[in-house]
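This report describes one protein chain as it can be read from its coordinates. Please keep the sequence and the model open beside the text.

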Amino acid sequence: DDGSVLKLKDSSGNFQTIVNNDSDHAFQTKCATQVIHFERNTVIPFELYYFQGPRYYIALRLFWRKINPGDSLTAGCSSNSLGDLDGTLSSSNWKILNPNNFILPGDQTNPCVTNP
């Protein structure tokens, strides 16, 4: 019931769509169209466009997993393998990103991160 589009900034400074799950539809999973290489300190600017459909379920979740050479980009990329609407994961290959993985521009504080 939600639509979303995830865009990452490329080396030329342009935002490229890597996940297109747009339009009004039932709960479904979409995977990125390309592998993104990063290390512990890599910062990747992104834009997330999202709208909430009917208020019955808020189902936007961002997952990630390690891809090894030769792995299929879309293997395990289905709503059934990524869990249910209650947030449970049925696959240990995928991880939900932690709020600490996100940095807001400027000196904004991420409201999803609890400060000690």
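How many helices and strands does the protein chain have? The protein chain has one helix and five strands, where helices (H or I, at least four residues) and strands (E, at least two) are DSSP runs, numbered from the N terminus. Read from the N terminus on, the elements follow the order β-β-β-β-α-β.

This is a predicted model, in which local features need pLDDT of at least 70 and side-chain atom pairs count only at pLDDT 80 or more, while totals for chains, interfaces and linings use all residues. Residues are numbered from 1 along each chain as its sequence is written, and side-chain values use heavy atoms, with hydrogens and water left out.

**Chain totals**

Of the 116 residues in the protein chain, 22% are buried; buried means under 20% relative accessible area, exposed means over 50%, and partly exposed lies in between (1.4 Å probe, protein chains only). The accessible surface of the protein chain comes to about 8,700 Å², and 51% of this surface belongs to carbon and sulfur atoms; accessible areas come from the Shrake-Rupley method with a 1.4 Å probe, and for residues only the protein chains shown count as cover. With contact taken as heavy atoms within 4.5 Å, 52% of the contacts between residues at least 6 apart in sequence join residues at least 24 apart.

Strand β1 pairs with strand β2 (residues 15-21) in the antiparallel sense over six bridges; two strands pair if DSSP finds at least two bridges between them. Together β1 and β2 form a hairpin with five residues between them, and Gly13 in the turn has a positive phi of about 90 degrees. Within this pairing, Val5 has Asn20 in β2 as its bridge partner.

Ser4 lies in strand β1 (residues 3-9). Is Ser4 buried or exposed? Ser4 counts as buried because its relative accessible area is 11%. Leaving aside neighbours within four places in sequence, the residues in contact with Ser4 include Asn20, Leu48, Tyr50 and Leu60.

**Aromatic pairs**

Rings of Phe, Tyr and Trp (its six-membered ring) pair if their centres lie within 6.5 Å, with planes under 30 degrees apart counted as stacked, over 60 as edge-to-face and the rest as tilted.

| Pair | Centre distance | Plane angle | Class |
|---|---|---|---|
| Phe38 and Trp64 | 5.4 Å | 25 degrees | stacked |
| Phe46 and Phe102 | 5.9 Å | 65 degrees | edge-to-face |

The pair of Phe38, in the loop between β2 and β3, and Trp64, in strand β4 (residues 63-64), links distant parts of the chain, 26 residues apart. Phe38 is partly exposed at 36% relative accessibility, and Trp64 is partly exposed at 38%. The pair of Phe46, in strand β3, and Phe102, in the segment after β5 (95-96), also links distant parts of the chain, 56 residues apart. Phe46 is partly exposed with a relative accessible area of 35%, and Phe102 is partly exposed at 25%.

**A nonpolar surface patch**

Phe46 also belongs to a nonpolar patch on the surface, which it forms with Leu48, Tyr50 and Leu60, and the accessible area of these residues together is about 330 Å². Patches are made of residues with over 30% relative accessible area and no salt bridge, with like charges joined within 9 Å and nonpolar side chains (Val, Leu, Ile, Met, Phe, Trp, Tyr) within 5 Å; a salt bridge is a side-chain nitrogen of Lys or Arg within 4 Å of a carboxyl oxygen of Asp or Glu. Leu48 lies in strand β3 (residues 46-51) and is partly exposed at 43% relative accessibility.
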